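Subject: Structure handover

Hello,

Here is the structure we talked about. Please open it alongside this note.

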Amino acid sequence: MKKGIQKIYKEVAPTYELVNHVLTLGLDILWRKRAARKAAGTRISNKMDGASKSGRLYILDVCSGTGELAQNMAGLLGPEAELYVVDGSLHMIRLAQSKKPMHRVKFTLADAGELPFPDNSFDLVIISFSTRNLNPNPQAMLSYLKEFLRILKPGGNFMNLETSQPPLGLIRKLYHFYIRWVVKPIGYKISGSRAGYNYLSHTMPRFYEAPEFSRLCLKAGFSTVQHRLLFLGVAALHTAQK
Ligand SMILES: C[S@@+](CC[C@H](N)C(=O)[O-])C[C@H]1O[C@@H](n2cnc3c(N)ncnc32)[C@H](O)[C@@H]1O
């Protein structure tokens with residue numbers, strides 16, 4: 001993980017959740033819950049011998065941040081599930097570890113581009129509001145997607161919950177206006193981190209439209225992709241299968 005991004009997440013960590021909840025009027029909470037419910041419905045991939053025969057369900061939350069999504073999933077998953085989380089920021093991991101019920105969760109400090117897991121290990125890899133951080137350009141995004149594909153079992157799923165671009169021009173304009181004139185200053189005001197909310201508000205209008213992100217997933221080697229737009233396309237939930 002780049003030093004600059006690490007520094008930003010160190011600065012914004014203490015107020016990160018509050019800023020999100022204020023700026024989305026709580027919608028981010030509902031979106032994570034929705035993704036967690038879908039994740040909790042994941043079945044053990046039966047397309048592979050060996051690991052899948054253990055009868056355990058392996059789930060990885062990449063770039064887990066303060067662990068809100070992992071916390072939601074932990075509350076829904078049965079005892080057969082093994083929940084792993086990875087983040088590149090120790091500050092974020094410490095905040096996640098302080099939550100309940102996280103005692104069953106396995107934490108790893110690592111870069112999302114070099115995940116310390118063998119090929120074909122997970123039934124589900126999930127990521128929320130972080131792919132923007134992995135996207136300095138489409139080539140870099142592709143290499144992260146390939147890394148997620150590598151550690152998924154055949155038949156396993158990748159889920160991506162992320163901000164997107166509303167398809168309707170007027171809504172998109174309003175959304176970009178909101179990012180520039182509300183997200184950036186209010187984020188700075190609450191967190192005290194100007195660099196943090198400059199960076200975050202810079203990445204939002206530049207992220208992919210939902211169909212473009214689907215195409216990237218297919219290009220990376222996923223066999224199928226579906227997406228669902230959330231709140232007029234301000235965010236999207238993609239599900240891609242290996
Ligand atoms: C915007 S936060 C999202 C956190 C959380 N998933 C959520 O839903 O709120 C992005 C997280 O990604 C982590 N991150 C960014 N780039 C990373 C990378 N290359 N490898 C690992 N973690 C990374 C940051 O440390 C931060 O915790």
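This is a predicted model: local features need pLDDT of at least 70, side-chain atom pairs count only at pLDDT 80 or more; totals for chains, interfaces and linings use all residues.

Residues are numbered from 1 along each chain as its sequence is written, and side-chain values use heavy atoms, with hydrogens and water left out.

**The ligand site**

There are 20 residues around the ligand. A residue counts as near when one of its heavy atoms lies within 4 Å. Tyr16, Arg32, Cys63, Asp87 and Ser128 come nearest. By class, the shell holds 10 nonpolar, seven polar and three charged residues. Here Ala, Val, Leu, Ile, Met, Phe, Trp, Tyr, Cys and Pro count as nonpolar, Asp, Glu, Lys and Arg as charged, and the others, Gly among them, as polar.

Which atoms pair up with the ligand? A polar side-chain atom of Ser128 lies 2.6 Å from a ligand oxygen atom. For Arg32, a polar side-chain atom lies 2.8 Å from an oxygen atom of the ligand. Gly88 uses its backbone: an N or O atom there is 3.0 Å from a ligand nitrogen atom. The ligand taken alone exposes 600 Å², and the protein buries 98% of that. Accessible areas come from the Shrake-Rupley method with a 1.4 Å probe; for residues, only the protein chains shown count as cover.

**Helix α2**

Helices (H or I, at least four residues) and strands (E, at least two) are DSSP runs, numbered from the N terminus. Buried means under 20% relative accessible area, exposed over 50%, and partly exposed in between (1.4 Å probe, protein chains only).

In α2, the buried residues are Tyr16, Val19, Asn20 and Leu23. Down the axis of α2 they fall within an arc of 100°, so they line one face of the helix. The arc is that of the directions from the helix axis to the C-beta atoms. These residues pack against α1, α3 (27–40), α5, α7 and α8 (194–203). Contact means heavy atoms within 4.5 Å. Leu25 follows α2, with a positive phi near 55°.

**Helix α5 and Met92**

Helix α5 spans residues 90–97, and its buried residues are Met92, Ile93 and Ala96. They also fall within an arc of 100° seen down the axis of α5, so they line one face of the helix. Their cover includes α1 (3–12), α2 (16–23), β2 (81–87) and β3 (106–109).

Met92 has a relative accessible area of 2%. Leaving out residues up to four places away in sequence, Met92 touches Tyr9, Ala13, Tyr16, Gly65, Thr66 and Asp87.

**Thr66**

Thr66 sits in the loop between β1 (57–62) and α4 (68–76). Is Thr66 buried or exposed? Thr66 is buried, at 4% relative accessibility. Its side chain makes a polar contact of 2.6 Å with the side chain of Glu17. A polar contact is a pair of N or O atoms within 3.5 Å; within protein, one must be able to donate a hydrogen and the other to accept it, and residues adjacent in sequence count only if both atoms are side-chain atoms.

**Val183**

Val183 lies in helix α7 (residues 169–191). Val183 is buried, with a relative accessible area of 7%. Beyond four places in sequence, Val183 touches Leu23, Tyr178, Tyr188, Tyr197, Ser201 and Met204.

Best wishes
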